[in-house]
Amino acid sequence: LQFLYLIVHSPPLPPPSRRPLKMDSARQIEQMKQFILSEAKEKAEEITTKSQNEAYAWKMDESKKLKDDIEQGCAKELEQHKTEKRVEQANKLKVQRDRVLAARAEAVETLKKNAVQQMVALTNNSGKYTPLLRGLIVQAAAAVSVEGQKTTATVRCRQQDQAMVQQNLNAVTSVTLTLDSTPLDDKALGGVIVTAQQGKIICNNTLKHRLENCMEELMPVLRDGLFA
């Protein structure tokens, strides 16, 4: 009964207040605003960080490319420099070798000229040249003779030697020799060329030919004597 009495006789409740609802809404809006701003800030920081990382990666990549280009350029220049040095060294060696070869050739040519001069002096000395020429005729005739056959051969010599050769043709008995009227050039220096079997067998026994053969055979000895 008391409970019913209180319900009946209690003063009416005041109408609900609108102000707390407005404050809650403003707080919620503020919270949403802060949340959005925080999300935006985080997103902006994420984008900034990503951009910075990408920029850093691009910078490192470009730096590496630049470094590689510089290293390749330096390596190329170094290799080119080495090649140029090798070429320069090879050219120097070639020049030095050519000088040595030229000096050797000149020395050999000088030696040959001296030998030629001595031969010219020898051919002008009939006392020494006559027995030498006779021996050259006999030697050449023996070279063209065919064993068991009668051999005929012609002898060519310098014009100034024809009389001397004619006098010594009889020194050979194994081969019938005749003097060829066509003289040899003075460059032959002396000696004879004997031809048999219609030109199939030829013995060049001129002093020039013998000198050339002698120098060729003795060239190693000459080099050792001249350039050792």
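Residues are numbered from 1 along each chain as its sequence is written, and side-chain values use heavy atoms, with hydrogens and water left out. Because the model is predicted, local features need pLDDT of at least 70 and side-chain atom pairs count only at pLDDT 80 or more, while totals for chains, interfaces and linings use all residues.

**Exercise 1. The overall layout**

Describe the order of the elements in the protein chain, and state what share of its residues counts as buried.

Solution. Start with the elements: helices (H or I, at least four residues) and strands (E, at least two) are DSSP runs, numbered from the N terminus. The chain has six helices and four strands. Read from the N terminus, they run α-α-α-β-α-β-β-β-α-α. Next comes burial, where buried means under 20% relative accessible area, exposed over 50%, and partly exposed in between (1.4 Å probe, protein chains only). Of the 228 residues, 18% count as buried.

**Exercise 2. Salt bridges**

Find the partners of lysine 65, glutamate 88 and aspartate 161, and sort each pair by exposure.

Solution. The whole structure holds seven salt bridges.

- Lysine 65 pairs with aspartate 61, with the closest N and O atoms 3.5 Å apart. The two are separated by about one helical turn because they are four residues apart in helix α2. Lysine 65 is partly exposed at 43%, and aspartate 61 is partly exposed at 36%.
- Glutamate 88 pairs with lysine 85 at 4.0 Å between the closest N and O atoms. Both lie in helix α2, three residues apart, about one turn of the helix. Lys85, Glu88 and Lys92 are linked in a network of salt bridges.
- Aspartate 161 pairs with arginine 158 at 2.9 Å. Aspartate 161 has 3% relative accessibility, so it counts as buried; arginine 158, at 8%, is buried too.

**Exercise 3. Side chains that reach the backbone**

Which backbone oxygens do the side chains of asparagine 168 and threonine 123 reach?

Solution. Look for polar contacts: pairs of N or O atoms within 3.5 Å, where, within protein, one must be able to donate a hydrogen and the other to accept it, and residues adjacent in sequence count only if both atoms are side-chain atoms. Asparagine 168 sits in helix α4 (residues 162-168), and its side chain reaches the backbone oxygen of methionine 164 at 2.6 Å. Threonine 123 belongs to helix α2; its side chain reaches the backbone oxygen of valine 120 at 2.8 Å. As for burial, asparagine 168 is buried at 6%, and threonine 123 is buried at 12%.

**Exercise 4. Positive phi values**

Where do glutamine 197 and glutamine 198 lie, and how does each count by exposure?

Solution. First place the residues: glutamine 197 is found in the loop between β3 (191-196) and β4 (201-206), and glutamine 198 lies in the loop between β3 and β4. Then check the backbone: glutamine 197 has a positive phi of about 55° although it is not a glycine, and phi of glutamine 198 is near 55°, a positive value in a residue other than glycine.

Technical notes: A salt bridge is a side-chain nitrogen of Lys or Arg within 4 Å of a carboxyl oxygen of Asp or Glu.
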